[in-house]
Amino acid sequence: MKRIIYFPIVAVVAITLAAVSGCAEPKGIAGYYTYKTECLGSELDGSVTVLAWGNGRDRFDAGEQARKNAVNDVLFKGIVEGKGDCHQPPLVNEPNARTKYGDYFNKFFADRGLFGRYVSLKDERSREDREIKAARKSITMGVVVRVERAKLKERLIKDGILKR
């Protein structure tokens with residue numbers, strides 16, 4: 001009789017422990033975590049200073065990817081993390097614009113492409129890289145960059161992606 005009473009209790013406790021232990025984040029595996037771009041400040045010239053993250057095989061590739069991610073987030077996602085006074089909506093609000101104008105944005109985000117004209121490492125704040133070693137063959141790095149949002153918008157209007 002005691003087995004019948006204890007079995008459901010033990011089963012419930014075992015299932016609960018299994019569910020709770022499965023929800024924990026794996027520790028020490030930074031390569032599988034997605035970092036969000038944070039706003040650090042907005043300037044009066046229409047630019048935004050952000051902390052963007054990138055992943056690559058070395059510091060150069062990770063930094064380049066972080067700059068691309070910063071511009072991509074300003075264009076398509078908007079900046080919602082970070083300081084509350086500088087939340088920015090995305091510049092391109094059209095659904096599926098990335099695929100609709102795929103050829104344009106593939107050239108735009110190519111290595112040493114046009115995106116580099118609208119993002120810089122020049123900032124009044126002290127530039128600090130936050131580096132996290134993820135695995136033997138990749139590195140994740142955060143970089144403080146300034147994205148020229150107003151100039152980027154002008155370029156997209158000129159190229160016919162955005163309408164006035």
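Student: Which side chain does the side chain of arginine 57 make a polar contact with?
Tutor: That of aspartate 61, at 2.6 Å. Keep in mind that this is a predicted model.
Student: What is arginine 57 in contact with, leaving aside its neighbours within four places in sequence?
Tutor: Lys137, Ser138 and Ile139.
Student: New topic: aromatics. How many aromatic pairs does the structure hold?
Tutor: There are 8. In one of them, tyrosine 104 and phenylalanine 108 have ring centres 6.0 Å apart and planes at 20 degrees, so they are stacked. Both residues are buried.
Student: How far apart are those two in helix H4?
Tutor: 4 residues, which is about one helical turn. Phenylalanine 108 also stacks with tyrosine 118, with centres 6.3 Å apart and planes at 20 degrees. Tyrosine 118 is in the loop between H4 and strand S4, so this pair ties together parts 10 residues apart in sequence.
Student: And the largest nonpolar core: how many residues are in it?
Tutor: It has 32, and Val71 and Phe108 are among those touching the most other members. Helix H2 gives the largest share, 6 residues.
Student: What does valine 71 contact beyond its sequence neighbours within four places?
Tutor: Phe108, Phe109, Phe115, Val119, Val147 and Leu152.

Conventions: Residues are numbered from 1 along each chain as its sequence is written. This is a predicted model: local features need pLDDT of at least 70, side-chain atom pairs count only at pLDDT 80 or more; totals for chains, interfaces and linings use all residues. Side-chain values use heavy atoms; hydrogens and water are left out. A nonpolar core is a set of buried Ala, Val, Leu, Ile, Met, Phe, Trp, Tyr and Cys residues joined through side-chain atoms within 4.5 Å. Buried means under 20% relative accessible area, exposed over 50%, partly exposed in between (1.4 Å probe, protein chains only). Contact means heavy atoms within 4.5 Å. A polar contact is a pair of N or O atoms within 3.5 Å; within protein, one must be able to donate a hydrogen and the other to accept it, and residues adjacent in sequence count only if both atoms are side-chain atoms. Rings of Phe, Tyr and Trp (its six-membered ring) pair if their centres lie within 6.5 Å; planes under 30 degrees apart count as stacked, over 60 as edge-to-face and the rest as tilted.
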